[in-house]
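Here is a short briefing for a first look at this structure. Keep the sequence and the 3D view open while reading.

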Amino acid sequence: MSATAAAAAAQAWPDALYDVLLRQHVRQVAYVPDAGHSRLIARCEADPNMVATVLTTEEEGVALLAGAWLGGDRGVLLMQSSGVGNCVNMFTLLENCRLPFVTLVTMRGEWGEFNPWQAAMGQASGDILTRMGVQVHRVEDPSDAAPTLEAAIRQSYDGMLASAVLLSQRLIGRKAFTEEG
Amino acid sequence: MADALLDRREAVARLLRGRGDLLVVTGLGSATYDCAAVEDHPRNFYLWGAMGGTVALALGLALARPDEPVAAITGDGDMLMGIGSLATVGAAKPANLSIVVLDNEVYGETGAQPTATARGVDLAGVARSCGLTALDDIHDMNGVGTLAERIARCEGPLYATIKIDRREHPKVLPARDGAYLRARFREAVLGTAP
C-alpha cells in the first residue's frame with residue numbers, strides 16, 4: 001500500500017464512525033483523548049451541531065451522558081482502555097437509572113504494545129465493562145467499526161441498554177515510541 | 001458578620017423559592033434531602049450515589065437544555081471528589097449552569113469527619129481559576145436571594161459556596177428508584193418518558 005493509500009485507509013474508519021454519529025442523531029460527544037480517536041474527535045469538534053466536551057477524567061463522561069439523556073440528547077463517550085477503570089463507580093448510574101449509554105473504547109496493552117503500564121487495563125477492560133452491566137462488542141477489522149457502532153447505538157438508545165464498542169489495537173495501529181517504531 | 005453560618009434547610013428553601021423552570025440536580029446525602037424537603041419537584045433529579053458526579057451530570061443536562069437554567073446543588077464532599085469537573089465546566093462554558101455547594105466542612109453522612117474545606121481549601125477560588133463566575137462565599141440569606149436571581153439569569157457558568165452549620169435535620173427521603181426518577185424527570189422536561 002502506498003503512503004497515500006495508507007493515509008486514506010487510516011481516515012476511512014473514523015470518518016465512517018462520524019457518519020454513524022450523524023445518522024443516529026448523536027449530539028453530545030464527551031472524551032478523554034486517545035491517539036486512536038484523534039480524527040473522530042477533530043470531526044466532532046469541527047461540527048457546529050455537535051457538542052464535544054473534553055473531560056478531566058472518564059468517569060465525568062458517564063455522568064455527563066446521563067445528564068445529556070435526561071435533557072433529551074443522545075451521547076457517546078470516547079476513551080481508551082485505561083479510562084474504563086476510572087469509570088467503575090459511575091457506571092452504577094446506568095443500571096440504577098436504566099440509562100442508555102454508548103462508549104467507544106480504543107484498546108491499548110495488546111498487539112505488540114510497547115508500554116507495559118497499559119497491559120493491565122487493556123486485559124481487564126472487557127471483563128470490567130461486562131461486570132458493570134455494559135454489553136461489550138469487540139471490533140478487529142476496520143470495516144466492522146461503523147456497523148458495530150451503529151448497532152450499539154440502536155440497541156442502547158432504542159433498547160435502553162449500556163453498550164461498549166472496543167476497537168482493537170491491531171485495528172488502530174500500534175503506538176510507535178521510537179523512530180524505528 | 002463574616003463568619004455566620006446558615007441553616008441548610010432555610011438556605012435551600014430560599015434558593016428554590018419561585019424556582020420557575022429551574023432544573024435541579026442534587027448530590028447524594030444531605031443535599032438530596034434538603035431539596036426534597038422543600039418540594040418533591042419533578043424537575044429535581046436526585047442522586048443517591050455516583051459520588052463526585054453531580055456537576056458533570058448537571059453539565060450534560062445544561063448542554064442539552066441551553067435555554068433553561070440548571071443548578072447542581074451538592075455538598076463539599078461531593079464537590080471535592082468531582083473537583084476536576086470544575087475544569088470541565090470552565091472549558092465548556094455553559095451559561096445556564098450554576099453550581100451551589102452547601103459547605104459544612106464535614107462528611108456529614110459518615111460521622112462528620114472534616115473535609116478539605118475545613119483545612120483551608122477554597123472551592124470558590126478553584127472555580128474562579130477554572131473560569132467560572134465565582135461569588136464570594138455566602139453567609140446570609142440576602143446572599144442566597146441574590147444567588148437565586150443570578151441563577152435565573154443564566155449568565156454563568158456560576159459557582160457559589162453557601163456556608164452552613166453542621167446541625168442535622170430529619171432526613172427527608174425522596175424516591176430512590178433511579179429508573180423512576182429518570183422517567184419522571186424526562187417526562188417533566190421533555191413531555192415524554194422513558
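Asn115(A) is exposed, because it has 11 other C-beta atoms within 10 Å. The cut-offs run as follows: 20 or more other C-beta atoms within 10 Å of a residue's own make it buried, 12 or fewer make it exposed, and anything in between is partly exposed, with C-beta atoms placed from the backbone. Asn115(A) sits in the loop between β4 (101–106) and α6 (119–131) of chain A. Its C-alpha is 30 Å from that of Leu64(A), and the two are 51 residues apart in sequence.

The model is predicted: local features need pLDDT of at least 70, side-chain atom pairs count only at pLDDT 80 or more, and totals for chains, interfaces and linings use all residues. Residues are numbered from 1 along each chain as its sequence is written, while chains are lettered from A and ligands numbered from 1 in the order in which they are written.

**Chain B overall**

- Chain B has 8 helices and 8 strands. These are DSSP runs numbered from the N terminus: helices are H or I with at least four residues, strands are E with at least two.
- The radius of gyration of chain B is 15 Å, close to the 16 Å from the globule rule for 194 residues, so chain B is as compact as a globular protein of that length. The radius is taken over C-alpha atoms, and the rule is 2.2 Å times the number of residues to the power 0.38.
- Along the principal axes, the C-alpha atoms of chain B fill a box of roughly 45 × 35 × 30 Å.
- Of the 194 residues of chain B, 49% count as buried.

**Where the chains meet**

- In chain B, 29 residues are in contact with 28 residues of chain A. Contact means that the C-beta atoms, placed from the backbone, lie within 7 Å.
- On the side of chain B that touches chain A, α3 (54–64), α5 (84–92) and α8 (178–190) of chain B each supply at least two residues.
- By class, that side has 19 nonpolar, 7 polar and 3 charged residues. Nonpolar covers Ala, Val, Leu, Ile, Met, Phe, Trp, Tyr, Cys and Pro; charged covers Asp, Glu, Lys and Arg; the others, Gly among them, are polar.

**Backbone details in chain B**

- The peptide bond from Gly156(B) to Pro157(B) is cis, with omega near 10°. Pro157(B) is in the loop between α7 (141–153) and β8 (158–163) of chain B.
- Lys93(B) is not a glycine, yet its phi is positive, near 55°. Lys93(B) is exposed, with 11 other C-beta atoms within 10 Å.
- Ala112(B) also has a positive phi, about 60°. Ala112(B) is partly exposed, with 13 other C-beta atoms within 10 Å.

Methods. Two residues are in contact if their C-beta atoms, placed from the backbone, lie within 7 Å.
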